[in-house]
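Student: Could you walk me through some contacts in this model? I would like the cut-offs along the way.

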Amino acid sequence: MNPRPPVTSDTSEAVTPQSLRKQYESGATVAELVDASGMSYGTVLKRLHDAGTVMRTSWQTRRMRQDPQARRRLAAHLRTLYEQHGKTLAELAAAAGETRRGARRLLVEAGGTVRTTQQTLRVRAAARAAERHKLALSLRKKYEAGASVPELAEESNYSVATVYRLLHAANTHMRPQHSHGPSGTSGSRS
């Protein structure tokens, strides 16, 4: 039931590193590539290395062959988490029950590109800014419907100052401040 790699050529010069990598990433083992190509084990390894192939362990090959569709679905899910939600490789590893290296491999298999640390920081900052803007618009809507700033602060679990900043960021037209003293006075008794 294990897929066998196609026989690519009898001459080792016609077997390119890229074609070996493609077969390997499709599930072929190094031993199967050696049998199919007629090249030595060392030559196949060198060509895989030259093509930038990320090698896997034997248990990873077995796991991959058990349910390749599930692996592709997992890889696609990890790519979505990584690219659209700004998750890190460590977070992907935790989500997949893999090591960081295994998560990276799945990400690359799904066509993802690994970010630098700076790129990850920028993605996360943009996501936080978008979330904060969404919150600001939500607070503005409630404020314009009649809620007070202290009520919004208590409801959202933010300080009054933070709620004012968020309302200001949402370009909220603020109501005039009231005098809270008795009978419309400024609070001092004369």
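Student: Which residue forms a salt bridge with R124?

Tutor: This is a predicted model, where local features need pLDDT of at least 70, side-chain atom pairs count only at pLDDT 80 or more, and totals for chains, interfaces and linings use all residues. Residues are numbered from 1 along each chain as its sequence is written, and side-chain values use heavy atoms, with hydrogens and water left out. A salt bridge here is a side-chain nitrogen of Lys or Arg within 4 Å of a carboxyl oxygen of Asp or Glu. With closest N and O atoms 2.4 Å apart, the partner of R124 is E91.

Student: How many residues apart are R124 and E91?

Tutor: R124 sits in helix α8 and E91 in helix α6 (residues 89-96); helices are DSSP runs of H or I, at least four residues, numbered from the N terminus. The pair links distant parts of the chain, its residues being 33 apart.

Student: Is E155 buried or exposed?

Tutor: E155 forms a salt bridge with K142, the closest N and O atoms being 2.4 Å apart. Buried means under 20% relative accessible area, exposed over 50%, and partly exposed in between (1.4 Å probe, protein chains only). K142, at 34%, is partly exposed. At 54%, E155 counts as exposed.

Student: What separates E25 and R21 in helix α1?

Tutor: E25 and R21 form a salt bridge, with closest N and O atoms 2.8 Å apart. They are four residues apart in helix α1 (residues 17-25), so the separation is about one helical turn.

Terms used
Helices (H or I, at least four residues) and strands (E, at least two) are DSSP runs, numbered from the N terminus.
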